[in-house]
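Here are a few helix-packing exercises to work through with the structure open. Try each one before reading on.

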Amino acid sequence: MSVQSESKRLTAADLRARKGGEPIVMLTSYHAHTAALADRYCDSILVGDSLGNVMHGFETTVPVTLEMMILQGRAVMRGSKRALVVVDMPFGSYEASKEQAFHAAARILKETHCGAVKLEGGERMAETIAFLSQRGVPVMAHIGLTPQAINVLGSFRAQGRDEADWPRLEADARAVADAGAFSVVVEAVAEPLARRITVSIAIPTIGIGASAACDGQVLVMEDMLGLSPKAPKFVKRYGNLGPSIEAAIQDYAAEVRSRAFPGPEHVYGMKPKPKA
Ligand code: KIV
């Protein structure tokens, strides 16, 4: 994909209009500098609650707070100009009621200036998605494997590999589309089912461990760059930054210990004395 040239920021409506068209490119970012890089090539940047794992070393996304999401959402907005920035609603910020969800979503939009929020859940969240969308909050839904439900699921397992589960997952996809979500992340869903969902709903599907037939794809940036110590099967490593970073840190540590760093070019001399 070439460097994106338009400077106007994409909106949820722009992404919605891409159904069945050129695949939507989405990547996570939690920082200004990586957001600036992603912004040049991606249609959308997800400030995912995966920041709980990646930045904070939590085992799950459950401990992530609204404040963490807002802080990193603001950083990503400062670093990007063109991509639609979508900020995840963290566990506990939207499930209790549609009103709770609206207050949390409004804080995210007001305090980050991002273009949309994402929340996990299919049929069970449809009423909330409708409530938010009707009140000016663009919602990206998230179905299939929903990591915030880990304490109920017990493990991060692919969904829909047994045909008996298909009706439930298809009902989730239909429910979020009918409720007014502008797109839906389909995570770790068996390929034939992800393909079938994509052709059967009117909003773009963004796949992660789903199908090349989805209307777009998303990955966690640190996973695809080779920075995460372990990544799920569906991640393709486009880089191997872990070893490069380690080598650089090793060189730095050795040069500090041997006093090779800082060299004369890295230190400041005195100002020349004015001539008397
Ligand atoms: O939090 C996240 O990064 C996500 C993606 C895995 C879709 O929700």
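**Exercise 1.** At what angle do α6 and α8 pack, and which residues meet?

*Solution.* Start with the axes: helix α6 (residues 126-133) and α8 pack at about 20°, with axes 8 Å apart. Axes here are lines fitted to C-alpha atoms over the stretch in contact, with angles running from 0 to 180 degrees between N-to-C directions. The pair is therefore roughly parallel (angles under 35 degrees count as such). Next, look for contacts, meaning heavy atoms within 4.5 Å: A126, I129, A130 and S133 in α6 meet A175, V176 and A179 in α8. By class, that's six nonpolar, one polar and no charged residues.

A quick word on the model: it's predicted, so local features need pLDDT of at least 70 and side-chain atom pairs pLDDT 80 or more, while totals for chains, interfaces and linings use all residues. Residues are numbered from 1 along each chain as its sequence is written, and side-chain values use heavy atoms, leaving out hydrogens and water.

**Exercise 2.** Which residues of α2 are buried, and what covers them?

*Solution.* Take buried as under 20% relative accessible area and exposed as over 50% (1.4 Å probe, protein chains only). In helix α2 (residues 32-39), A35, A38 and D39 are buried. Seen down the axis, the buried residues fall within an arc of 100° (using directions from the axis to the C-beta atoms), so they line one face of α2. H33 and L37, on the other side of α2, are exposed. Finally, the cover over the buried residues includes β2 (44-47), α4 (66-79) and α10 (221-224).

Conventions: Helix = DSSP H or I, 4+ residues; strand = E, 2+ residues; numbered from the N terminus. Parallel < 35°, antiparallel > 145°, perpendicular 65-115°, else oblique. Nonpolar A, V, L, I, M, F, W, Y, C, P; charged D, E, K, R; others polar.
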